[in-house]
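Subject: Structure handover

Hello,

Here is the structure I promised to pass on. Please keep it open while you read the notes below it.

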Amino acid sequence: MSKVKSHKVIGFRSTRLAIIFFLFILLLSMQFGPYNQFQLANISTLLIAVLSITLLTGASGQISLGQGAIMAVGGYSAALLVTRLEISMWLAFVLAIFISALFGLFLGLAAARLSGPYLAGTTLVMALAIPSIAIRFDSFFSGDIGFSVDYGYPPDWLTNLLGEISIEEWSLYVALPFAALSLFAVLNLSNTRSGRTWRAVRDNEVAASLAGINIARTKVIVFVCSSALAGLAGAIYGFRGLVAPSVYPTDLSLLLLTAAVIGGLRSIGGAIFGTFVIVFLPDVIEKITKFLELPETISIYLPALMIGLLLLITVILNPRGSAGALEHIRHRHKH
Amino acid sequence: MNSFLTAFFAGTSQGAIYALVSLGLVLVWRGAGVVNFAQMGQAMFTTYIASQLIQNEYSYWSAFVIALISGALLGALVDLGIMRPLSSRKNSLLLNSQSMRTTIPVIASLGILGVLKALAGIFWAGEERGFPAPVPTTGLRLGNTDLAITGFDLFVIGVVFLTLVLTTIFFTRTGMGLAMRASALNPEVTRLSGIRVGSVRTLSWAISGTASSLAGLLVTPKTNLSPNTLDLLLIVGFTAAVVGGLTSLAGSVLGGFILGYVIAFVNVYSAPENVFLAILIFLLLALFLRPQGILGSKEVRRV
C-alpha cells in the first residue's frame with residue numbers, strides 16, 4: 001500500500017535519487033572509453049524521452065506511438081532557433097521545451113477525446129506525417145538534408161577545472177544534467193497530488209470523475225508535461241550532429257516505448273533500466289555475433305529481433321516489466 | 001479529364017486493397033477487442049513466403065494459395081500464442097486498470113511486428129525485391145485509345161470483389177458467421193448459448209490474417225517487397241477503419257475505397273509527398289466530425 005507522504009519528504013527523496021543517478025553515470029563514464037561515454041550520453045538523452053512515455057502511459061494510461069515526432073518538434077525548434085536567430089544552444093533547448101509543450105497542448109486537446117487503440121493509431125499516423133512536413137516545406141525546414149548542429153565547445157571554466165574534454169565527454173556533460181533534472185521533475189510529479197490524480201484517471205475514469213476530477217483537463221495536462229520532456233530529449237538528441245527527418249523515424253518511437261515497457265511502465269527505475277537495455281543490448285549482441293562469426297544478415301537484424309522478443313516476453317510474462325517482476329520476487333520473500 | 005480518369009481508376013484498385021486491410025483490422029477489433037498493429041507485418045511475412053516459393057519455381061497460383069493459408073495459420077498462431085494468454089491474465093495488477101487493458105494488446109502487437117520484420121530480414125536479407133503479378137501490368141487499350149487502367153488493376157478489383165461477396169455470404173448465411181457476429185456483440189450471452197467463444201476469436205484472427213495476406217499479395221507487384229513496404233498500408237487501413245467506424249464491416253470497406261480515392265487524387269492533383277499529411281488531416285477530421293465512423297454504432301465508443 002502506498003501511503004500519502006508529505007511534500008517535503010518526497011522532494012527530498014527525488015532530489016536524492018536524481019543526484020545518485022547523476023553521480024552513478026558520471027562515475028561509470030570515468031571507467032569507460034570514448035565510445036561508451038558517447039553511449040552514456042545517448043542513455044541520458046533517451047532516458048528523458050523514455051520518462052515522457054512513463055509519465056504518459058504509466059501514470060495516465062494514454063498510449064503514444066509518436067513520441068519520436070514530438071522529439072522532432074523539439075529538435076527542429078532548437079535547430080531553427082540556433083541557425084536562424086543565432087541564439088545560444090542552452091536558450092534554444094529551453095525554448096524547445098516550451099514549443100513542444102505548446103504542441104503537446106494541441107495534441108492533448110485532440111487526444112483527450114481518444115482512447116486506447118484510437119489514440120495509438122492516431123499518434124502512429126502522426127509519427128509518419130510530422131517528419132514529412134519537413135520535406136513538404138523544404139525551403140524552411142531544409143528537407144531531407146536537415147540542419148547540421150552540434151554541442152559546440154565546452155566553456156573555458158570547465159576545461160580549466162577538468163583539463164582536456166573530449167567531444168564524447170562534452171556530449172555527456174550536456175545531456176546528463178538535463179536527464180537528472182527530468183528525473184527529479186518526473187519523480188516529484190508522480191508522487192504528488194497531480195500524480196495521484198493521473199493515476200485515478202488511468203485506473204477508472206468514471207470513479208475519477210465522480211471524485212471531482214476533470215478527466216479531459218487532466219489528460220491534456222499529462223500530454224503537455226510529456227511533450228515538454230520529449231521535445232527536450234529531441235533537441236539534445238538532434239544536437240549530437242544532425243536534425244533531419246531520418247533522425248526521428250517511426251522506429252525511434254517504437255524503440256522508446258519498448259524501453260519503457262521492458263523496464264516497467266509504472267516505474268521510474270524501470271525507465272532507467274529499459275534505456276540501458278535498448279542502448280547497450282545492440283552492442284552486446286554485436287560482440288557475440290562477431291565472436292560466433294555469424295553471417296551479416298543475422299547480425300544486422302538480431303538486435304531488432306531480440307528487442308522485439310524482449311517486448312513480447314515482458315508483456316506476456318509480466319506486463320509490469322522488470323520492475324514489476326522484482327517487486328513480485330521481493331513480496332514472495334517476505335511471506 | 002484524362003488525369004481525372006487516371007486518379008479514379010488508381011483510386012478504385014488501391015481502394016480495393018485498402019478495403020481488405022481495413023476489413024482485416026475491423027474483424028479482429030470486433031472479434032477480439034484488439035487493434036492489430038502487426039497485421040501488415042504478418043502480410044509481409046506471408047508475401048515473402050510466396051516470393052520464396054515462386055523463386056523455387058512453384059507456380060504463381062500455388063504460391064498464392066499457400067500464402068493465404070499461411071496467413072490464416074499465422075493469424076491463429078498470434079491469437080493462441082500471445083493474445084489469448086494476455087487476455088486470460090486480466091486479473092494481474094497492471095491489467096486491473098481500465099486504460100491498460102486496451103493498451104497492453106497494442107504493445108504486444110507492436111512486439112510481434114518488430115519480431116516479424118527482424119525475422120524477414122534474417123531469412124530474406126531484407127533488401128527490396130520485386131513480386132510478380134499474374135496478369136500484365138501494362139495499360140489496356142481499347143481500339144486506338146489508351147485506357148488509364150491496367151489488366152492487373154482489373155484483376156485486383158475482381159479478386160477483392162469476390163472476397164467481399166464470400167465474406168458477406170459467410171457472415172449472413174452460415175452458422176459460424178452468425179456465431180462470430182453474436183460473440184462480437186455479446187461474448188457472455190454467446191458463451192451461455194453454447195458457442196465456444198475462444199474458437200470464434202481464433203477464427204476471426206485467422207480470417208483477418210487471410211484478408212491481409214491477400215492484400216500483401218495484391219499490393220507488392222506495384223510497391224515491391226521489403227520488410228518495411230507494407231507499413232504505409234497499415235496506416236491507411238487503420239484510417240479507413242476509423243473513417244468507416246471501427247465496428248462495422250461494411251463501413252470498413254467503404255472507408256477503404258474513400259481512402260483510395262483521397263490518396264489517388266492527392267497523388268495526381270497535388271504531390272506524392274503530401275500523402276502522409278493528407279492522411280493525418282483526413283483522420284483527424286474524421287475523428288472530430290464523426291468519431292463513431294460513417295457506419296459505426298454510436299454507443300460502442302466510450303468518450
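The notes below take the chains in turn, then a helix pair, then some individual residues. Please bear in mind that this is a predicted model.

Chain A

Chain A has 15 helices and two strands. Its radius of gyration is 20 Å, close to the 20 Å that the globule rule gives for 335 residues, so chain A is as compact as a globular protein of that length. Taken along the principal axes, the box filled by the C-alpha atoms of chain A is roughly 55 × 50 × 45 Å. Of the 335 residues in chain A, 54% are buried. Looking at contacts in chain A between residues at least 6 apart in sequence, 77% join residues at least 24 apart.

Chain B

In chain B the secondary structure comes to 11 helices and two strands. Chain B has 303 residues, and buried residues make up 54% of them. For contacts in chain B between residues at least 6 apart in sequence, the share that joins residues at least 24 apart is 75%. Chain B exposes about 12,800 Å², with 66% of this supplied by carbon and sulfur atoms.

A helix pair in chain A

Two packed helices are described by the angle between their axes and the distance between the axes. In chain A, helix α2 (residues 34-60) packs against helix α12 (residues 250-263) at an angle of about 70°, and their axes are 9 Å apart. That angle makes α2(A) roughly perpendicular to α12(A), because angles of 65 to 115 degrees count as such. On the α2(A) side, the contact is made by A:Leu46, A:Ala49, A:Val50, A:Ile53 and A:Thr54. On the α12(A) side, A:Leu252, A:Leu256, A:Leu257, A:Ala259 and A:Ala260 take part. What kinds of residue make up the contact of α2(A) with α12(A)? They divide into nine nonpolar, one polar and no charged.

Two loop residues with positive phi

Most residues other than glycine have a negative phi, and most peptide bonds are trans. A:Glu86 is not a glycine, yet has a positive phi of about 55°. A:Glu86 sits in the loop between α3 (67-84) and α4 (89-111) of chain A. Is A:Glu86 buried or exposed? With a relative accessibility of 68%, A:Glu86 counts as exposed, because the cut-off for exposed is over 50%.

Chain B has a case of its own in B:Glu57, where phi is positive at about 65° although the residue is not a glycine. B:Glu57 lies in the loop between α2 (39-55) and α3 (60-87) of chain B. The relative accessible area of B:Glu57 is 73%, so B:Glu57 is exposed.

Other residues in chain A

A:Gly116 lies in helix α5 of chain A, which covers residues 116-136. The relative accessible area of A:Gly116 is 15%, so this residue is buried; the cut-off for buried is under 20%. Leaving aside residues up to four places away in sequence, A:Gly116 touches A:Ile63 and B:Thr102. A:Gly116 is 178 residues from A:Leu294 in sequence, and their C-alpha atoms are 41 Å apart in space.

A:Asp144 belongs to the loop between α6 (138-141) and β1 (147-148) of chain A. At a relative accessible area of 57%, A:Asp144 is exposed. A:Asp144 still touches A:Ile135, A:Ala244 and A:Pro245, not counting residues up to four places away in sequence. Between A:Asp144 and A:Ala49 there are 23 Å in space, C-alpha to C-alpha, and the two are 95 residues apart in sequence. A:Ala49 is also one of the α2(A) residues in the helix contact described above.

A:Ala72 is in helix α3 of chain A. Its relative accessibility is 4%, so A:Ala72 counts as buried. A:Ala72 and A:Phe178 are 106 residues apart along the chain, and 18 Å separates their C-alpha atoms.

Regards

Methods:
Residues numbered from 1 in each chain as written. Chains lettered and ligands numbered in written order. Predicted model: local features only at pLDDT ≥ 70, side-chain atom pairs only at ≥ 80, totals over all residues. Heavy atoms only, no water. Axes fitted to C-alpha atoms, helices over the stretch in contact; angles between N-to-C directions. Helix = DSSP H or I, 4+ residues; strand = E, 2+ residues; numbered from the N terminus. Parallel < 35°, antiparallel > 145°, perpendicular 65-115°, else oblique. Contact = heavy atoms within 4.5 Å. Nonpolar A, V, L, I, M, F, W, Y, C, P; charged D, E, K, R; others polar. Buried < 20%, exposed > 50% of the residue type's maximum accessible area, 1.4 Å probe, protein only. Areas by Shrake-Rupley, 256 points an atom, 1.4 Å probe, with all protein chains shown as cover. Rg over C-alpha atoms; globule rule 2.2 N^0.38 Å.
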